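Please look over the sequence and the structure below before reading on. The paragraphs that follow go through them step by step.

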Amino acid sequence: AITAGMSPQEAAEVLVDSLNSARAWTEVQVIENRPAVLGGEHGFRVLASFRDEDGLKTRVAACGAIAGSRVYWLIYVAPERHYYQLDLPTFEEMVTSFRLLRVPSA
């Protein structure tokens, strides 16, 4: 589980472990695991591929960050053959435009 105080790389490793332990997925391959910024916070970006339970080759892109006691994730999963590349720009735009709402303390 991801907890407050984890480094972005530690949080990324939790995600990678979750991908590898998914029983319905086979041939899990991590393509990229690197630092990234999400909503102005230091975070991570993981790209991976796998075969789902029907044998369909699928890709996942995930960006995440820990801000205080909260974890923020943006995850995109799509079949690799056509849809992944088709809608990847929309996911990238969402990652770029994502902002954390900062509420002042009372």
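Two strands are said to pair if DSSP finds at least two bridges between them. Strand 3 and strand 4 (residues 70-79) meet this condition, pairing in the antiparallel sense over 10 bridges. The model shown here is predicted.

Now step back to the whole chain. It has two helices and four strands, and from the N terminus on the elements run α-β-β-β-β-α. The C-alpha trace spans about 50 × 30 × 20 Å along its principal axes. Of the 106 residues, 34% count as buried.

Strand 1 and strand 2 run antiparallel and are joined by 10 bridges; in strand 2, arginine 45 is the bridge partner of arginine 34. Strand 2 (residues 41-51) pairs with strand 3 in the antiparallel sense over nine bridges, and here valine 46 stands opposite alanine 62 in strand 3. The hairpin of strand 2 and strand 3 has five residues between the strands, and glycine 55 takes a positive phi near 85°.

Is strand 3 largely enclosed or largely open? Nine of the 11 residues of strand 3 (residues 57-67) are buried, so this strand is largely enclosed by the rest of the structure. Valine 28, in strand 1 (residues 26-38), gives another case. Its relative accessible area is 22%, and buried means under 20%, so valine 28 counts as partly exposed. Valine 28 touches Leu19, Asn20, Ser49 and Phe50, leaving aside residues up to four places away in sequence. Valine 28 and arginine 51 are 23 residues apart in sequence, yet 7.1 Å apart in space, C-alpha to C-alpha.

In soluble globular proteins, nonpolar side chains tend to be buried together. The largest nonpolar core in this model has 13 residues, of which Ala11, Leu15, Leu19, Phe44, Val46 and Val60 touch the most other members. Helix 1, strand 2 and strand 3 each supply at least two residues of this core, and helix 1 gives the most, with five. Valine 46 shows how the elements meet: among the residues that valine 46 touches are Leu15, Leu19, Val60 and Ala62. A second, separate core has 12 residues, including Leu47, Ala61, Ala65 and Leu74.

Finally, consider contacts and surface for the chain. Residues 24 or more positions apart account for 41% of the contacts with a separation of 6 or more. The chain exposes about 6,800 Å², and carbon and sulfur atoms supply 53% of it.

Methods:
Residues are numbered from 1 along each chain as its sequence is written. This is a predicted model: local features need pLDDT of at least 70, side-chain atom pairs count only at pLDDT 80 or more; totals for chains, interfaces and linings use all residues. Side-chain values use heavy atoms; hydrogens and water are left out. Buried means under 20% relative accessible area, exposed over 50%, partly exposed in between (1.4 Å probe, protein chains only). Contact means heavy atoms within 4.5 Å. A nonpolar core is a set of buried Ala, Val, Leu, Ile, Met, Phe, Trp, Tyr and Cys residues joined through side-chain atoms within 4.5 Å. Accessible areas come from the Shrake-Rupley method with a 1.4 Å probe; for residues, only the protein chains shown count as cover.
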